[in-house]
Amino acid sequence: MLDLAENNIWKELSSCGNSAEIPVLLQQCVQNPTKDVLEEICYYRIYCQNTLYQTTFAAFPYLIKILEQLRNSNTTLCFEYVLNLGSILCNLDNKDEYFKQIMEPSTVKKEIIEDIINSYNIAFAQFREIAYSFTDYAKDQDEDSKKWFIVTLAVVNKHYEEGNILNSFTDEECACSCDFCDAELYIELVDEREQYVISEDGEEYYSIKPATSVKPVVEPLTDNIFEWYTYYSGILELESLKTGVNYLFGEFECPVCRKKNNVFKAIHNYLY
C-alpha cells in the first residue's frame with residue numbers, strides 16, 4: 001500500500017481538500033484511533049457529497065487496519081465506521097465504471113495507481129470479514145443502524161447499487177422514474193397502514209402492489225437480492241423493512257402513462 005511517508009505522491013492524488021494532510025491524519029489515527037480524526041478523514045478528506053477520490057482507495061487499507069485495532073478495543077466505534085465505510089462505498093456502481101474513472105492515472109505513475117488498487121482489493125476482502133463479524137452485534141442496534149448494516153453487507157458483496165437503492169427507499173420520500181415514459185415519481189410510506197404509495201405531484205396517490213416472498217431459513221445468494229433482503233430484515237428484526245421489502249420489489253401503474261413498473265427498477269432508473 002502507498003507509504004504514508006510518500007507525501008509527494010499523496011499530494012498528487014485526487015481528494016476532497018488538501019490530500020497531503022491525509023497521510024498525517026492516518027498516521028495519527030493508526031497510533032491512536034479517535035472518532036474525531038476518523039470523521040475528519042472519512043467525511044472531509046476522502047469523501048464529499050457522494051463523490052469518491054483516489055485518496056478514498058489509497059487510505060482504505062489504513063482505515064481497515066484501524067478497524068482491526070478498534071474491533072478489540074472499541075466495538076461501538078468500530079461498528080460505526082464499518083457502517084460509515086459502507087455508506088461511502090455504496091456510491092460505486094456494480095460494473096466498476098466509476099471506480100475505473102476515479103483511478104485513471106493522471107500525474108501519478110501507472111504502477112503507483114496499480115499498487116493502490118491491489119492494496120485496496122486486499123483490504124476490501126478484510127472489510128468483508130469485519131462487516132460480517134458484526135451480524136450478531138447489529139441485532140441489538142437501532143433501526144437506522146440495522147438498515148445501514150444491510151447496506152454495508154450489500155456493499156461488501158459488491159452489490160453497490162442494491163445497497164444505494166435500499167438506502168434511498170427507506171428515506172421518507174424516494175424518487176424514481178417510469179421505465180417507459182421517464183416520468184419522475186415519488187414513493188412515500190403511509191405510516192398508519194404500513195403501505196407504500198406512489199405519486200407524481202404529491203397530491204394524488206396511487207397504490208403499489210407488494211411482491212410476495214417466503215422467508216428464507218438460510219442466507220440466499222446475493223444474486224437474489226429480494227430474498228437476501230428478506231432474510232436479513234428477518235434475522236436483524238428490522239421492522240421498517242419486514243413489510244417494506246415486499247413493496248421495494250412490488251409493482252405500480254405509472255400515473256402518467258399507465259404502464260406497469262417494478263419499484264426496484266424504477267428507483268434504479270432514477271439513480272443510475
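Glu21 is partly exposed in this predicted model, with a relative accessibility of 33%. Its side chain meets that of Arg45 in a salt bridge, with 2.4 Å from N to O. Because Glu21 sits in the loop between α1 (7-10) and α2 (22-31), while Arg45 sits in the loop between α3 (35-44) and β1 (47-48), the pair ties together parts of the chain that are 24 residues apart in sequence. Arg45, at 14% relative accessibility, counts as buried, since the cut-off for that class is under 20% relative accessible area.

**Salt bridges**

The search of the whole structure finds 10 salt bridges.

Arg258 counts as partly exposed at 43% relative accessibility, and Glu253 counts as partly exposed at 39%. Salt bridges that share partners also join Glu21, Glu40 and Arg45 into one network. The three pairs described here are set out below.

| Salt bridge | N to O distance |
|---|---|
| Glu21 and Arg45 | 2.4 Å |

**Aromatic pairs**

The structure holds 20 aromatic pairs. In one of them, the rings of Tyr43 and Tyr47 have their centres 6.0 Å apart and their planes at 75 degrees, so the pair is edge-to-face. Tyr43 is partly exposed, with a relative accessible area of 29%, whereas Tyr47 counts as buried at 10% relative accessibility.

Phe79 and Phe149 form another aromatic pair, which is tilted, with 6.1 Å from centre to centre and 35 degrees between the planes. This pair links distant parts of the chain, Phe79 lying in helix α5 (residues 75-89) and Phe149 in helix α9, 70 residues apart. Phe79 counts as buried at 4% relative accessibility, and Phe149 is buried with a relative accessible area of 0%. Elsewhere, ring pairs link Phe226, Trp228, Tyr229, Tyr231, Tyr232, Phe249 and Phe264 into a cluster.

Leaving aside residues up to four places away in sequence, Val156 touches Phe124, Phe127, Arg128, Ala131 and Tyr132. Val156 and Leu70, which are 86 residues apart in sequence, have their C-alpha atoms 19 Å apart in space.

In helix α12 (residues 239-248), the buried residues are Leu241, Gly244, Val245, Asn246, Tyr247 and Leu248.

Strand β3 (residues 173-177) is largely enclosed by the rest of the structure, because 4 of its 5 residues are buried. The strand pairs with β4 (residues 184-190) in the antiparallel sense over 5 bridges, and Ser177 stands opposite Glu184 in β4. Together β3 and β4 form a hairpin with 6 residues between them, and in the turn Asp182 has a positive phi of about 65 degrees.

**A nonpolar surface patch**

On the surface, Tyr270, Leu271 and Tyr272 form a nonpolar patch, with about 270 Å² of accessible area together. Tyr272 has its place in the segment after α13, and at 39% relative accessibility this tyrosine counts as partly exposed.

Key. Residues numbered from 1 in each chain as written. Predicted model: local features only at pLDDT ≥ 70, side-chain atom pairs only at ≥ 80, totals over all residues. Heavy atoms only, no water. Buried < 20%, exposed > 50% of the residue type's maximum accessible area, 1.4 Å probe, protein only. Helix = DSSP H or I, 4+ residues; strand = E, 2+ residues; numbered from the N terminus. Patch = residues over 30% accessible without salt bridge, like charges linked within 9 Å, V, L, I, M, F, W, Y side chains within 5 Å. Areas by Shrake-Rupley, 256 points an atom, 1.4 Å probe, with all protein chains shown as cover. Salt bridge = Lys/Arg side-chain N within 4 Å of Asp/Glu carboxyl O. Pairing = 2+ DSSP bridges. Phe/Tyr/Trp six-rings, centres within 6.5 Å; stacked < 30°, edge-to-face > 60°. Contact = heavy atoms within 4.5 Å.
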